[in-house]
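Take a look at the model below.

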Amino acid sequence: MEILDQPTSTELKIASDGNRIIAYLIDAVLIGMVSIIPFGFILGVAYFITKDALPFLDGQSIGKR
């Protein structure tokens, strides 16, 4: 039985420092934009805590995608 949502290749690429900084900035801007709306600060903190564990993002934050 084949699981369709698993990567077929075991080769992983390591992100450069620049890519990691850009991903962090994208996530920070997203959190900042969400914080503008009422109760957005709570949503921003929740996203920051769980951003790499959200199942619908396959273990990546929005910035890392």
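Which residues form a nonpolar patch on the surface? In this predicted model, the patch consists of Ile21, Tyr24, Leu25, Phe39, Phe41, Ile42, Val45, Phe48 and Ile49. Together they have about 1,000 Å² of accessible area.

**The nonpolar patch**

- Two elements each give two or more residues to the patch: α1 (17-34) and α2 (40-50).
- The most comes from α2, with five residues.
- Leu25 is a patch member and lies in helix α1.
- Leu25 has a relative accessible area of 49%, so it counts as partly exposed. The cut-off for exposed is over 50%.
- Phe41 is another patch member, and its place is in helix α2.
- Phe41 counts as exposed because its relative accessibility is 59%.

**How the two helices pack**

- The axes of α1 and α2 come within 7 Å.
- These axes cross at roughly 155°. Therefore α1 is roughly antiparallel to α2, as angles over 145 degrees count as roughly antiparallel.
- On the α1 side, the residues that meet α2 are Asp27, Leu30, Ile31 and Val34.
- Their partners in α2 are Gly40, Leu43, Gly44, Tyr47 and Phe48.
- Phe41 and Ile31 are 10 residues apart along the chain. Their C-alpha atoms are separated by 8.0 Å.

**Phe39, in the loop**

- Where is Phe39 placed? Its place is in the loop between α1 and α2.
- Phe39 has a positive phi of about 65°, although it is not a glycine.
- Most residues other than glycine have a negative phi.
- Is Phe39 buried or exposed? Phe39 counts as exposed, because its relative accessibility is 68%.

**Asp27, in helix α1**

- Asp27 has its place in helix α1.
- Is Asp27 buried or exposed? At 3% relative accessibility, Asp27 counts as buried. The cut-off for buried is under 20%.
- Which residues does Asp27 touch, not counting residues up to four places away in sequence? They are Tyr47, Lys51, Ser61, Ile62 and Gly63.

How values were computed. Residues numbered from 1 in each chain as written. Predicted model: local features only at pLDDT ≥ 70, side-chain atom pairs only at ≥ 80, totals over all residues. Heavy atoms only, no water. Patch = residues over 30% accessible without salt bridge, like charges linked within 9 Å, V, L, I, M, F, W, Y side chains within 5 Å. Areas by Shrake-Rupley, 256 points an atom, 1.4 Å probe, with all protein chains shown as cover. Salt bridge = Lys/Arg side-chain N within 4 Å of Asp/Glu carboxyl O. Helix = DSSP H or I, 4+ residues; strand = E, 2+ residues; numbered from the N terminus. Buried < 20%, exposed > 50% of the residue type's maximum accessible area, 1.4 Å probe, protein only. Axes fitted to C-alpha atoms, helices over the stretch in contact; angles between N-to-C directions. Parallel < 35°, antiparallel > 145°, perpendicular 65-115°, else oblique. Contact = heavy atoms within 4.5 Å.
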